[in-house]
Amino acid sequence: MIKPEQMSLTAHQHIQNYLENSPNPAISKEELNAILRLSQHLRVFGLLSAAAYVNQTNAQGGIVRSRILPVWKSLLGQLINSQTPPSPEELREMIVQMAKDEPAKYMVTWRKAMILSNYWNFWARAYCA
């Protein structure tokens with residue numbers, strides 16, 4: 001169940017948790033850009049695609065990917081389990097399983113991610129250096 005009145009607080013906590021595990025005291029411009037990209041990716045490609053991107057182990061290295069992955073892993077992991085976020089492999093498997101076995105839950109989770117992404121963007125800007 002999505003509780004709209006709770007989304008901003010949840011997103012704020014996700015950003016705070018990310019910052020606690022980050023070596024930086026504030027969100028950098030690159031991290032902010034990664035959060036904005038996540039929002040766009042969720043709208044265009046979906047939650048399943050975002051989880052698969054985080055888990056990719058092929059040769060798609062590069063500076064953009066290295067900036068995106070820590071942020072996406074943290075936020076998507078906290079979306080699935082805020083107490084103990086799953087590893088990238090577990091995240092992908094959980095999302096794939098949910099899409100196959102519980103499509104209604106998958107759609108609700110995707111919708112929640114899209115709503116949260118607006119608040120992630122807001123709070124990331126608030127904590128941007």
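## Basis and terms

Buried means under 20% relative accessible area, exposed means over 50%, and partly exposed lies in between (1.4 Å probe, protein chains only). Helices are DSSP runs of H or I with at least four residues, numbered from the N terminus. Contact means heavy atoms within 4.5 Å.

This is a predicted model: local features need pLDDT of at least 70, side-chain atom pairs count only at pLDDT 80 or more, and totals for chains, interfaces and linings use all residues. Residues are numbered from 1 along each chain as its sequence is written, and side-chain values use heavy atoms, with hydrogens and water left out.

## Helix H1

H1 has 17 residues. From first C-alpha to last, H1 reaches 25 Å, close to the 24 Å expected at 1.5 Å a residue. That expected span is 1.5 Å times one less than the number of residues. Buried in H1 are Met-7, Ser-8, Thr-10, Ala-11, His-14, Ile-15, Asn-17, Tyr-18 and Leu-19. Their cover includes H2, H4 and H6.

Pro-4 lies in H1 and counts as exposed, at 54% relative accessibility. At 39% relative accessibility, Gln-13 is partly exposed. Gln-13 and Ala-129 are 116 residues apart in sequence and 18 Å apart in space, C-alpha to C-alpha.

## Nonpolar core

A nonpolar core is a set of buried Ala, Val, Leu, Ile, Met, Phe, Trp, Tyr and Cys residues joined through side-chain atoms within 4.5 Å. The largest one here holds 34 residues. Leu-47, Trp-72, Leu-76 and Trp-120 have the most contacts inside it. H4 supplies the largest share, eight residues.

Which residues does Trp-72 touch, not counting those up to four places away in sequence? The list is Ala-34, Arg-37, Leu-38, His-41, Ala-50, Tyr-53, Val-54 and Gly-77. Of these, Ala-50, Tyr-53 and Val-54 are among the buried residues of H3. Leu-47, Ala-51 and Asn-55 are buried in H3 too. The buried residues of H3 pack against H2, H4, H5 and H6.

Gln-78 is found in H4. Is Gln-78 buried or exposed? It counts as buried, at 4% relative accessibility. Leaving out residues up to four places away in sequence, Gln-78 touches Gln-13, His-14, Asn-17, Tyr-18 and Pro-85. Among these, His-14, Asn-17 and Tyr-18 are buried residues of H1.

Ser-117 belongs to H6. Its relative accessible area is 2%, so it is buried. A polar contact of 3.2 Å joins the side chains of Ser-117 and Ser-39. Such a contact is a pair of N or O atoms within 3.5 Å; within protein, one must be able to donate a hydrogen and the other to accept it, and residues adjacent in sequence count only if both atoms are side-chain atoms. Beyond its neighbours within four places in sequence, Ser-117 is in contact with Ser-39 and Leu-42.

## Salt bridge

A salt bridge needs a side-chain nitrogen of Lys or Arg within 4 Å of a carboxyl oxygen of Asp or Glu. The count comes to one. Glu-93 pairs with Arg-92, the closest N and O atoms being 2.6 Å apart. Glu-93 is partly exposed, with a relative accessible area of 40%. Arg-92 is partly exposed as well, at 28%.

## Aromatic pairs

Rings of Phe, Tyr and Trp (its six-membered ring) pair if their centres lie within 6.5 Å; planes under 30 degrees apart count as stacked, over 60 as edge-to-face and the rest as tilted. The count comes to four aromatic pairs. In one, the rings of Tyr-106 and Trp-110 have centres 6.0 Å apart and planes at 45°, so the pair is tilted. Both residues lie in H6, four residues apart, about one turn of the helix. Tyr-106 and Trp-110 are both buried.

The rings of Trp-123 and Tyr-127 have centres 6.4 Å apart and planes at 35°, so this pair is tilted. Tyr-127 is partly exposed, at 27% relative accessibility. Phe-122, Trp-123 and Tyr-127 form one aromatic cluster.

Methods
Helix = DSSP H or I, 4+ residues; strand = E, 2+ residues; numbered from the N terminus.
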